[in-house]
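Please look through the structure shown here, from its overall make-up down to a few of its side chains. The paragraphs that follow take these topics in turn.

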Amino acid sequence: MSGDAGSSHPIVGETQLRVRYAETDQMGVVYHANHFIWFEVGRVELLRQLGFSYRDMEQKDGCFIAVVDARCRYKAPAYYDDAIVVRTQVKNVRESVIHFGYELLRADGTLLAEGETTHIVTDAQMKTTTIPEKYMKAFRQALGR
């Protein structure tokens, strides 16, 4: 009997963007902090792909995902006007914690950076709370479970 019967594959979102001149530093290289902005772009688009928006989470359910840890490993420089692909996936989810993983690639396939963000789920008063079941279900599906 096959152990993967009924299982699905993890969902990986892909978002495309182009490096703007304002995102580069004096050396003509993308300033390092912009990678975290791109991670956010990828994360927000992944949520849309999963069937909801971050705005929905906030406004309809009073559910916020606050960053508690963010990491980036830089592999190669990105330059003005480069086409960038942001790959985003849910790496892990628990009742009050979500962990996302990211890859930034130049359109030619060059790996520019890898990163992770860890988020705690809070209510509007910044008190830790559990992820509503409808979102937990979507995050589990994103994990391929």
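How many positive and how many negative side chains does the chain have, and how far apart do the centres of the two sets lie? The chain has 18 positive and 19 negative side chains, and the centres of these two sets are 3 Å apart. In this count Lys and Arg are taken as positive and Asp and Glu as negative, while His and the chain ends are not counted; each charge is placed at NZ of Lys, CZ of Arg, CG of Asp or CD of Glu.

A word on the origin of these values belongs here: this is a predicted model, in which local features need pLDDT of at least 70 and side-chain atom pairs count only at pLDDT 80 or more, whereas totals for chains, interfaces and linings use all residues. Residues are numbered from 1 along each chain as its sequence is written, and side-chain values use heavy atoms, with hydrogens and water left out.

Turning to the fold, the secondary structure of the chain consists of three helices and five strands, where helices (H or I, at least four residues) and strands (E, at least two) are DSSP runs numbered from the N terminus. Read from the N terminus, the elements follow the order β-α-α-β-β-β-β-α. The C-alpha trace spans about 50 × 45 × 20 Å along its principal axes, and the accessible surface of the chain, computed by the Shrake-Rupley method with a 1.4 Å probe, comes to about 8500 Å², with 48% of this belonging to carbon and sulfur atoms. Of the 145 residues, 39% count as buried; buried means under 20% relative accessible area, exposed means over 50%, and partly exposed lies in between, with a 1.4 Å probe and protein chains only. Among contacts (heavy atoms within 4.5 Å) between residues at least 6 apart in sequence, 68% join residues at least 24 apart.

The buried residues of α1 are Asn34, His35, Trp38, Phe39, Gly42, Arg43, Leu46 and Leu47. After α1 comes Gly51, which has a positive phi near 105°.

What do the aromatic rings contribute to the picture? A search of the whole structure finds six aromatic pairs, a pair being rings of Phe, Tyr and Trp (its six-membered ring) with centres within 6.5 Å, called stacked if the planes are under 30 degrees apart, edge-to-face if over 60 and tilted otherwise. The rings of Tyr21 and Tyr80 have centres 5.6 Å apart and planes at 80°, so this pair is edge-to-face. Tyr21 counts as exposed at 62% relative accessibility, and Tyr80 is partly exposed with a relative accessible area of 47%.

Another pair is formed by Phe52 and Tyr135, whose ring centres are 4.7 Å apart and whose planes stand at 55°, so the pair is tilted. Phe52 lies in the loop between α1 and α2 (54–61) and Tyr135 in helix α3 (residues 133–142), 83 residues apart. Both residues are buried, Tyr135 with a relative accessible area of 3%. Ring pairs link Phe52, Phe100, Tyr135 and Phe139 into a cluster. Apart from its neighbours within four places in sequence, Tyr135 is in contact with Phe52, Asp56, Met57 and Asp61.

The loop between β2 and β3 also holds Lys75, which is partly exposed with a relative accessible area of 48%. Leaving aside neighbours within four places in sequence, Lys75 is in contact with Leu111, Leu112, Ala113 and Glu114; Leu112 is 37 residues away in sequence, with a C-alpha to C-alpha distance of 4.9 Å.

Finally, the backbone deserves a look. Most residues other than glycine have a negative phi. Asp81, in the loop between β2 and β3, has a positive phi of about 75° although it is not a glycine, and Asp81 is partly exposed at 40% relative accessible area. Met126, in the loop between β5 (111–122) and α3, likewise has a positive phi, near 65°, and counts as exposed at 56% relative accessibility.
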